[in-house]
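Keep the structure open beside the text.

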Amino acid sequence: MAPSPSASAGAASPSASASASDPTPSWWESVSQARSRILALSSVLPPPAAHDVAALADSDRPARALLRSPAAYAALSDALRSGGGADDPACHWLYDTLLSPDPDLRLAALAFLPLLAALYLRRLPPELPSSLSGFEAVLLAVYSSEAKSRQGKPVLVQVPDLSAPSLYHTPAASAPSSKSPRRPHPPPIPSPAASPVVGVLSPPLEPQAAVKSTKRAGIIGVAFEAYYSKISQMPAASKVDACNAAAAWAGQYCKCRFELDEKELEEEEGDSLGSVSPMSSEAENGKELEEEFTRMNVNGDSSGRNCNEEELKEARVPLPWELLQPVMRVLGHCLLAPLNPTEVRDVAAQAVRVVYARACHDLVPQAILASRSLIELDKSARKAAKAAAAAASGTIVAAGTAGSTASSSRPSSKPNTPSKQRKPDTQLVSK
């Protein structure tokens, strides 16, 4: 609607200037945009799923409903698995949605980034130059948005000075107290001039017009950094796809990934030698570890594959640190965040062990340190959860036993119940 003459003749009001400076749309505008994007998505999907997705437009918050809909995620995932080219309507929908000013709509599109990146790297090199143009356009859209938000500045982190033994090693200079003037205070120890140590998490981003082979890992890494910044709002299916992508890219499905678990099993067996039989302890601990790996689906098969026989070679890709660092941060959230479901934690535990095996084979110190730390944290968290569950079950059993004992020793509640057997009545008969 065109502005009124009076509004155009007068000075701009504060609300108008605020709305011009703030690109976030109003509530009704965001609802209208979300409904139009959902209807556009339903026209792309096949008929069985199109009806379910179109029904999301009638909700109060359509964008959030789209983000949390498992049916919509599964339908668009199937469309991406069969597409990826320049004329792919699913990629066109993702690209247009990522450029939307509504943050909830951008979240709904960003949730498909791990699956899209996994499909893109698995199909390299492409059969035709344009067969993966749709995937590259979506990745470049995420990269350009992140580069614009950073404004050409790197992402830095300040590391504390570790030259001093502790924070209290060099006390701060304090003014002399007037309560004890006779006792002179020792001169304060001058604090050393410590220069702040600054680490670079991500360098300044340069504008990219195409996904070149030399910049491919950096572009996907920046896209995963954008995904990690919103990962707490992502659905569980998207986190599972991110963990599966990391495991497939590492591709080191050998026995080395169970190295740390086997060491823990040996330590537990050594600690239990003095109390129980060695054979029974070994069988019990081995059975528990086997059950845990079976539940996590990380035990592998019995084909006897080793470090020289790797699986899924077509998905294995080079993992430079600029790509592996944000992927490890995503794995850390999926593994340790308290609100994640068990499925996400189990898949993340599998993926981080595969990454650890790959890092050990490639001799990457940063990746070995990060993946090993995550594995140790995962083991300690699972051990604490088992101990808490055992303590809770023991408390319940103890409470039930105490209750049954108290009920058995409690006197009868019926007042007329005799405490001992009555003697038979004797009747006197008169002659």
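Start at Arg64. Leaving aside neighbours within four places in sequence, Arg64 is in contact with Asp104 and Gln233. This is a predicted model. Arg64 sits in helix 5, which covers residues 62-67. Now look at Leu105. Arg64 and Leu105 are 41 residues apart along the chain, yet their C-alpha atoms are separated by 7.9 Å.

Step back to the whole chain. The protein chain has 431 residues, and 36% of them count as buried. Its secondary structure comprises 17 helices and two strands.

Next, the packing of helices. Two packed helices are described by the angle between their axes and the distance between the axes. Begin with helix 3 (residues 27-44) and helix 7 (residues 89-98). Their axes come within 10 Å and cross at roughly 170°. Angles over 145 degrees count as roughly antiparallel, so helix 3 is roughly antiparallel to helix 7. On the helix 3 side, the contact uses Arg37, Ala40, Leu41 and Val44. Helix 7 meets them with Pro89, Ala90, Trp93, Asp96 and Thr97. By class, this contact of helix 3 with helix 7 has six nonpolar, one polar and two charged residues.

Move along to a second pair. Helix 11 spans residues 216-229, and helix 12 spans residues 236-250. The axes of helix 11 and helix 12 come within 13 Å and cross at roughly 150°. These two helices are therefore roughly antiparallel to each other. Helix 11 passes helix 12 in a left-handed crossing. Helix 11 brings Ile220, Phe224 and Tyr227 to the contact. Helix 12 brings Ser238, Lys239, Ala242 and Trp249. By class, the contact of helix 11 with helix 12 has five nonpolar, one polar and one charged residues.

Which members of the largest nonpolar core touch the most other members? They are Leu76, Leu94, Ile220 and Trp249, out of 88 residues in that core. Helix 16 (residues 342-362) gives the most to this core, with 10 residues.

Finish at Ile220. Setting aside neighbours within four places in sequence, Ile220 is in contact with Ala117, Tyr120, Leu121, Leu139, Trp249 and Leu323.

Methods. Residues are numbered from 1 along each chain as its sequence is written. This is a predicted model: local features need pLDDT of at least 70, side-chain atom pairs count only at pLDDT 80 or more; totals for chains, interfaces and linings use all residues. Side-chain values use heavy atoms; hydrogens and water are left out. Axes are lines fitted to C-alpha atoms, for helices over the stretch in contact, and angles run from 0 to 180 degrees between N-to-C directions. Helices (H or I, at least four residues) and strands (E, at least two) are DSSP runs, numbered from the N terminus. Angles under 35 degrees count as roughly parallel, over 145 as roughly antiparallel, 65 to 115 as roughly perpendicular and the rest as oblique. Contact means heavy atoms within 4.5 Å. Ala, Val, Leu, Ile, Met, Phe, Trp, Tyr, Cys and Pro count as nonpolar, Asp, Glu, Lys and Arg as charged, and the others, Gly among them, as polar. A crossing is left-handed if the near helix is turned anticlockwise from the far one by less than a right angle, and right-handed if clockwise. A nonpolar core is a set of buried Ala, Val, Leu, Ile, Met, Phe, Trp, Tyr and Cys residues joined through side-chain atoms within 4.5 Å. Buried means under 20% relative accessible area, exposed over 50%, partly exposed in between (1.4 Å probe, protein chains only).
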